[in-house]
Amino acid sequence: MDVDAYAASHPNLPVADINARVLLWSPKVPKTKAGDGYDPRGKDWASVVSVCRALFQYEKRFASFFIRSSFHDSMAVDVSQCPGPECGGADASLFLTFDELARPENAYDNFALITARAAKKIASFFDISVADTVAVCAAVAPEVLSNGRLRILDGTNANLRVGRLDSIRPAPPNQLPPNSANASSFLTFWTARGFTPREAAALMGSHCLVDSQGCFKGPGRSDYCDPTTQDCSNVRMFRWENHYYKDICSATLKVRDVPADEPEVVETPVAGMTQPEFDAEAKLETCKFTSNAGRAAALNMLKWQQVGAQSEPVEPDEPVAVTWTNANCKQGAAASGLPATSVSCPHSSFWWYTPNDAYTGLVCQGPQTTNTNINQLRDATRNFAADQSAWDRDYRAAYLKMVTRFATFSPKADGTVSLLGLLALSSNEYYISGSECSSGHQLEASCAQAGAGVATTSTKSLYGYCTSCNDVAVADPGRCCGCSTRVRPLRYNVTSGQVLDTQFISRFADVSPGAAFPDPGLPAADAGPVPEPPLIRDPGSDAVAPSVTVDGTFARPPVSPYIGASARSEVCTGASGVRVDGFPASPFRLTPFTKPFATPPSATVAASLSRPDINQTVDAYELDIDYIDVNLGLCPGTQLTRLLAYNGSVPGPTFRITKGRQALVRFNNKLTSARISGTRFESHPPCDTASRQGRPISVHLHGEASLAPYDGWAEDETCGGESKDYYWPNRRPNFSWYHDHALDITSYNAYYGLAGMYVITDSAKERGCGEPWNLDNLPDTSMIFKDIVLDSSCQLLYDREGPHKNNLYGDINTVNGVAWPVWKPEARWQRLRWLNAASSRPWKLRIVDDTGSDVSGSVCQVIAGDGGIRRNPTAFPRAGLFMGVAERYEVVCDFSSYEGKTLYLWNAQDDYRMKGAPFFCNSHLVMRIEPQRPAASSNPVFSPVGPARPAVDAVLSDSDMAAAKAMVANKQCTRTFKFGRRHGHWVINGESWHTARVAAGDVGQNTWEVWCLETGGGWYHPIHIHLVDFYVLARNWDESQVHEYERLTPKDTVELDPSADIALLIRFGPHRGEYMFHCHNLVHEDFEMMRSYNVGPSASGRTSSTALPMQGVPELLNTMNVLYDLYKDPVHPPALWKPTSSLTSLKNRGAAATDAALRFPISQGLYRMFYPGGASNESHLLKDPSLNPWLPKVCQPQPAAV
């Protein structure tokens, strides 16, 4: 076709696109002259191989595209119609018909279309069939991706049959197995086509190239490539290795059917993505290409999607779901008889493959069966996982069989030649090795020179091989050099050194190797502005108390107004199988308000040391971590529930420590392999090696500015039989909590019991300075709210592979571990400390009377938040005090008018802020309150006279606040973080803990920044930032949308509402080091919605001009750097775990080891910013409050506690 002429005669058609799609050569289809006359003999197969090799070296993704295409083209056959025209298979119909290209299984990533374009161009250049082109190129692909190790076409053995005919008849529909096909269906597919289970397993190993791996390099879980700074041409998706078998044989897979009522979690769309999100998505997509042009095309595609000019491909939902964890990975492999070298343990957190691959993996992991085919599949996958060479060998043979078995060959290459149908005379079958070129020069003539003119060195060199060519003035390509010049002859005058003319020059650019011609890439798309996603304002009002009656009545106990009558009859039965919004309920009839309110035991000081000369004290505590069996009183009979506990208590013991007293808390992990054997508490990395064992734990004191090695870094894990000493400063009054923070299993460990309250008081009665507003004299009660759900055996239910894969909601509300307790306080002013310790559930708490009327809006006030006291009390919201996971609020309530009455602590439903959270039969109830006659006739009252001073105000001035508010008014942020979901994973700015842990590497010590947090879809996320306290400045860029109870409240956790954003003012200090921030929905956190930020020298920070004045004093910097140069590392080796057996118990008060451990934080000046004077390398300037605003005020002597 003369494309220019065609374009001129069809001005309305996109000829450039047509040039890529129309048949530019005579297709080799049956019963046509081109098909009947197609003779593979004499074709330049060596040059075809060279083109394929050069193409894949230029763009490795073409290699996986051709392999995938060869599979689909060869195996989409209707075996009931074979042989025959309706059979299909290895006939290029995949590439020559639009129906085929549009099929979902062929349209993913446009791989079939892209392969079609390349294959048709190569086929037209060499005048061969597309089917042969695909077969040859797909045979070359493993050679390139294995760096020459696996050569199907080795240049010696003629083993690939050629001469295939093409077809423009669509392949038989629905012949390829679905991605969710189980092992039996998978084997049925292959055996029906004449393949053994071993051959099928060998061919499926090409899934080692799946592009969902993206930037993953391996083998470490955090080994990802960054294409913006690194060469990513050798990431795992471009390596022909047996990691596919090692992955699927890892004993951690679970496959389940997805029920119809399972909540749908929508992905964050590319449209409207912020720049950091776009950059993350761009990294993933550009990692999938090795050429500049491929990367540019991927970026342009993303850019068009970002601005909404092109729709984002929608992946269909699978009927089954696959989960992949590292729980008992090595132990499970060993129990299955798989050596450690045959599995990936620990493996990536992400499952890369199809459900069908998972089913194959379950066969590999499983035992021998009575099914011969299943056993053969098991043996093959195990063999290939252990032996790369075995897979290479078997793949070569299986591949040659696959691309030949159903192919239709031309008459000149098919079967035998006979005379008048009589005796066969000779075979027409033709096989190639890839070196079929008499001169051996392969494609040199085609690539030697682009056009007429002075001969290139390559041209002169090529013709120098043939001495006969030099005998005449004009080289005769037909007389020498064989097939290397047969395809593209050029006339070369050896006397003048001029090339007179060339042929097929329009094909030159299509097949030239990338190495010979620099790749300019493609111009960036000018797509236009990025649309801002709409922000949704909270439609509710804090000032309005919604009715909680049902049909105008208020029952006792109160009936849920959030469940319809018809649904209530089912939800409240306690029957097995009850689900609400896809979440299971406990299979028992549950009755609230049958157990009294209780408080956890107090943590006991094991040893104490005081330095009166500098008024510094360190109290030591020692807690064991083990499992316990308790009767929760919720199940029939005396069934026990197994929990994880600190010192045998759930919740853990409550710490109550006076401000200014440092604490040493040793946690002894008793969860050894022997101890957890036979329990649900599995081993996880790093506790599954020859030297470490058991279940890992890490402890985070949530709400304290701890040094990085003592902050509970997720990868600073303590295994069974090990202990770790945590040093905590306790530098300002607030109520914190301590909980597990082990990587990947925080939600498990905390849900099963590893959490407890940690109160830092400034009460003058406890040697503090005295707390404002007469709080010292009010009864002080801590309450930990948490929901749980039970299974039929009375064990806590957490089906992380099932309904709880994204959120964990229970139908039993507990307070301090007691389900729906009855609290009987004195009818007087009470100080309440409320903590939401749930896994996923937010609460909206209010107090109502026995008619359903609001009480808390009249008698309660909010006085403090996560980071301590507010400047002034604020009214309790009548609609309810909203608490996301890990948020804390302090409330004072005057119950003096309610003596002898019945009140209820109520959990109100909020359709917006609690979107998707199920309300079970009694989810609206939390606690019954029955105020009693006070013991004394005169009781202290709450006296909010004058403002208080939050600790964070010492380091954030009014001018700082004004400057930050001005930024927000102009929609300016120091940093923006989008909390969303991509590719089935929870992400922050498109990245996660393992893909790109550090999200902010240039935070300056003691500088302030404005962080803007956004949601990437219709979810809510409670966001916790370690180390710091912050103020909430605005919601949705609007200061008026900040709830009064959170305005000017020091916080470390904030609820990010669905489709909304929030602006925070944060002073990053006092320490340097790497700290985490994450969603505190513990399920989201475990699934990697967690990243880190690094606090470095203030001068290198993004906002260095906002640094505290102390950062400009060299002597102070030096005394800080002496410490932080060591303790900036969250896994600082001297601060790591130690074998418990090597330690002296802290309860041994007279021991030298105990004394040394107590002296350590003072003598080393660990918390010199708060408590200077103990270390020899400290500057006396740290004691000057005019220079060091972090100094806490210690008003009374602090003697040793014991």
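**Entry 1: helix 17 and its cover**

I note here that the model is predicted.

How many residues of helix 17 are buried? I found 10 of its 11, and the helix is mostly covered. Among the buried ones are Pro355, Asn356, Asp357, Ala358 and Tyr359. Thr360, Gly361, Val363, Cys364 and Gln365 are buried as well.

**Entry 2: Tyr359**

Tyr359 lies in helix 17, which runs over residues 355-365. Is Tyr359 buried or exposed? Its relative accessible area is 18%, and buried means under 20%, so Tyr359 counts as buried.

Next I looked up its contacts, leaving aside neighbours within four places in sequence. Tyr359 touches Ser180, Ala181, Asn182, Ala183, Val255 and Val320. I then took Ala183 from that list. Tyr359 and Ala183 are 176 residues apart along the chain, yet their C-alpha atoms are separated by 5.5 Å.

**Entry 3: the whole chain**

I stepped back to the totals. The chain holds 31 helices and 44 strands. Of its 1202 residues, 60% are buried. I also checked how far its contacts reach in sequence. Among contacts between residues at least 6 apart, 77% join residues at least 24 apart.

**Entry 4: salt bridges**

I counted 76 salt bridges in the model. I looked at three of them.

Arg164 sits in the loop between strand 1 (160-162) and helix 11, while Asp132 is in helix 10 (residues 130-145), so the pair ties together parts 32 residues apart in sequence. Arg164 is buried at 1% relative accessibility. Asp132 is buried at 0%.

Then I looked at Arg831 and Asp780. The closest N and O atoms of this salt bridge are 4.0 Å apart. Arg831 is in strand 26 and Asp780 in strand 22, so the bridge ties together parts 51 residues apart in sequence. Asp780 is partly exposed at 27%.

My last pair was Asp866 and Arg888. Their closest N and O atoms are 3.8 Å apart. Asp866 lies in the loop between strand 28 (860-865) and strand 29, and Arg888 in strand 31 (residues 888-894), so parts 22 residues apart in sequence are tied together. Both partners are buried.

I also looked for shared partners. One network of salt bridges joins Arg656, Glu766, Glu771, Asp780, Arg831, Arg833 and Glu890.

**Entry 5: a buried charge without a bridge**

I turned to Glu1014, in strand 37 (residues 1007-1015). Glu1014 is buried but has no salt bridge.

Glu1014 touches Thr274, Thr976, Phe977, Lys978, Phe979, Leu1056, Ala1060 and Asp1061.

**Entry 6: the second largest pocket**

I looked up its volume. The second largest pocket holds about 1000 Å³ of space. It is lined by 47 residues, and the closest to its centre are Lys659, Pro733, Leu1191, Pro1192 and Lys1193. Which elements give two or more residues to the lining? They are strand 26 (829-836) and strand 29 (868-875). The lining divides into 26 nonpolar, 9 polar and 12 charged residues.

I checked the backbone last. Most residues other than glycine have a negative phi, and most peptide bonds are trans.

I noted two cis bonds. One joins Arg556 and Pro557, with omega about 0 degrees. Pro557 is in the loop between helix 23 (508-511) and helix 24 (565-571). Another runs from Pro685 to Pro686, with omega near 5 degrees. Pro686 lies in the loop between helix 25 (673-676) and strand 18 (699-702).

I noted two positive phi values as well. Lys31 has a phi of about 60 degrees. This residue is in the loop between helix 2 (15-21) and helix 3 (33-36). Lys31 is exposed, at 81% relative accessible area. Arg767 has a phi near 65 degrees. Its loop runs between strand 21 (755-761) and strand 22 (780-788). Arg767 is partly exposed, at 38%.

Technical notes. Residues are numbered from 1 along each chain as its sequence is written. This is a predicted model: local features need pLDDT of at least 70, side-chain atom pairs count only at pLDDT 80 or more; totals for chains, interfaces and linings use all residues. Side-chain values use heavy atoms; hydrogens and water are left out. Helices (H or I, at least four residues) and strands (E, at least two) are DSSP runs, numbered from the N terminus. Buried means under 20% relative accessible area, exposed over 50%, partly exposed in between (1.4 Å probe, protein chains only). Contact means heavy atoms within 4.5 Å. On a 1 Å grid over the protein atoms alone, a cavity is a set of points where a 1.4 Å probe fits but cannot get out, and a pocket is an open set with protein on both sides within 12 Å along at least five of seven lines; lining residues have an atom within 4 Å of a point. Grid points are joined across faces, edges and corners, and a volume is the space filled by probe spheres set on the points. Ala, Val, Leu, Ile, Met, Phe, Trp, Tyr, Cys and Pro count as nonpolar, Asp, Glu, Lys and Arg as charged, and the others, Gly among them, as polar. Lys and Arg count as positive and Asp and Glu as negative; His and the chain ends are not counted. A salt bridge is a side-chain nitrogen of Lys or Arg within 4 Å of a carboxyl oxygen of Asp or Glu.
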